[in-house]
Amino acid sequence: MKHFWPLNLRFAGKKSARAAIYLVALSLFSAQPISHAADGLPQLGDGEEMSVSAEKKLGMRIAREIYRDPDYIDDPLISAYVQRIWQPLLAAAKKRGDITPEQEQLAWEIMTGKDRSINAFALPGGYFGLHLGLVGAVSTRDELASVLAHELTHVSQRHIARQIGKQNQQSPWLMGAMILGAIAASKNPQAGTAVLAGSQAVSAQAQLNFSRDMEREADRIGFAILQEAGMDVRGFTGMFDKLQAANRINDNGSFPYLRSHPLTTERLGDMQSRLQMIQPATNAANQLGWQAEHALIATRARLISDSSVDSLRAELTQASAALRNALPTSATSAQKIRQLAQLYGGAFASSRQREAAAALRYSSAARDLLLSMSSEQLAGIEYARAAIELIAIEASLGSSLVSPDVQQAAFSGLAFLRNTASLRAERITLLAWAQLARTNASLDRSAAIDALQTRVATHPNDAPAWEALASLHEAQGQTLRSMRASAESRVALLDYGAALDRLKAAQQWARANGANHIEASILDTRTRAVQTMVRELQSERDKP
């Protein structure tokens, strides 16, 4: 099936060491001793920290490789959900002063991967990895928020910079290679040695470990950030309970987060005592809406991370049973949300198998159930509704022969997105609009182009938006603009070499076809800017 989203970086060929980079837990950050002051706390202000600008460059070096990983994926529906959790956490950290003005130049970007393992991790430069296995495993948005707040603190408190600073005799490029080698080696030793000699990778791992004190600090400050953001801090204890249960079961490798963030009785006791001292924030009006949305997103994440035939077949079996067995009027909200997720799972699995009619059948039942719940004062359902409506759009894009019913359902789904105030300018709406408009001129491509141009003007690092813009320009016969937008998508992914190649190709096209003078001038200016990026990148690589 053709995936709905315009950017799903799946590269052909055998997985390489670079591919293995993203699949790991942050085992290099398992708890190990570091230098301590007399009071047992990590020493601060010892002059060993790498600068923020150096950390930023190192982070970009690592992120550039992760973007190329076949398991890197940007699913805008899941990304939108994560961002609605992540942005309040960032704002709370800034309000509390945890993120300094100088640190604001860091990326603060979450990169998602299709790995089924339960894991999230922080990297230099404000980049964070999040496995879809974790998104699919947590029970609530607050549990996911607790993990993100914890990882955010590792960066804001300069835990990574302090540890890397100890290796300041190494060049940033060599240090980046060592980190990548250590990450790859932690899950696949052969892949790790392909990136760097194994002994060096192990050395980097030993030098970059977080201390137990850092883990406790990340718990403490992360807890406060979660509270400041207005989220339910019981998400911390809920996540700890999951990890503790996994620990008792004898981890089989699916919980690398547990190995990289080992639980201790002190950490568990500290969270419990903090929880007893406060009144957790709750929003009863939106609670069920959030639960419904999370159930759908978790189902989607789980099926993207495991789209095997057996997994899809099992999902369809559950959905078929849910479709046959209507819930009694006395059903609880939890029972309804469970069935909602089952129906959505059937719709998504059917769409993946190019069974558009079945996808519409399940999504229609899911929509009816969601709307019946909204009559019970279920607030904040628009994002859960959006997830359901997108099924029809995905189904219509998954086949070259689309029935009128599927096409109409896709148009109706897009109408809901565009007519709902809170969704109109959302990335999921713009990308859905662009994808449908590319093959349907009746959907006003010019307006879609204008909306996407507004998006990339405020979010220049949104590679899928640039790719969507390129496809619409191509559909409109605007070749030069399409080539330039395609180049910008590579810049957004830090692939400056590929971007420069596309810009030079655009220059050749402009000269051969007598392009508009203004557009040619804009193209030349941008080409020179990207050439500078390429030279700076090469200069960093050449440093001793």
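Student: In which sense do β1 and strand β3 (residues 127–131) pair, and over how many bridges?
Tutor: In this predicted model, β1 covers residues 109–113 and β3 covers residues 127–131. One of the residue pairs involved is M111 with its bridge partner G129 in β3. The two strands pair in the parallel sense, over five bridges.

Student: Which strands stand at the edges of the open sheet, and why is one side of each left without a neighbour?
Tutor: The sheet is open and has three strands with mixed pairing, in the order β1-β3-β2. A strand with a single partner has no neighbour in the sheet on one side, so it stands at an edge. This applies to β1 (109–113) and β2 (120–123).

Student: What does the twist average from one strand of this sheet to the next?
Tutor: The strands follow the order β1-β3-β2. From one strand to the next, the twist averages 20°.

Student: Which residues does W108 touch, leaving out those up to four places away in sequence?
Tutor: W108 is among the residues with the most contacts inside the largest nonpolar core, which has 144 residues. W86 and L152 are also listed among those with the most contacts there, and W108 touches both.

Student: Which residue caps the N-terminal end of α25?
Tutor: Helix α25 covers residues 517–542; at 1.5 Å a residue it should span 38 Å, and its end C-alpha atoms are 37 Å apart, which agrees. Its buried residues include E519, A520 and L523. At the N-terminal end, a side-chain oxygen lies 2.8 Å from the backbone nitrogen of I518, and the capping residue that supplies this oxygen is N516.

Student: Is T429 buried or exposed?
Tutor: T429 is placed in helix α20 (residues 427–437). A polar atom of its side chain lies 2.6 Å from the backbone oxygen of L423, and its contacts beyond four places in sequence include L414, L417 and R418. The relative accessibility of T429 is 0%, so T429 counts as buried.

Methods. Residues numbered from 1 in each chain as written. Predicted model: local features only at pLDDT ≥ 70, side-chain atom pairs only at ≥ 80, totals over all residues. Heavy atoms only, no water. Core = buried A, V, L, I, M, F, W, Y, C linked by side-chain atoms within 4.5 Å. Buried < 20%, exposed > 50% of the residue type's maximum accessible area, 1.4 Å probe, protein only. Contact = heavy atoms within 4.5 Å. Pairing = 2+ DSSP bridges. Helix = DSSP H or I, 4+ residues; strand = E, 2+ residues; numbered from the N terminus. Axes fitted to C-alpha atoms, helices over the stretch in contact; angles between N-to-C directions. Expected span 1.5 Å × (residues − 1). Polar contact = N/O pair within 3.5 Å; in protein donor to acceptor, adjacent residues only side chain to side chain.
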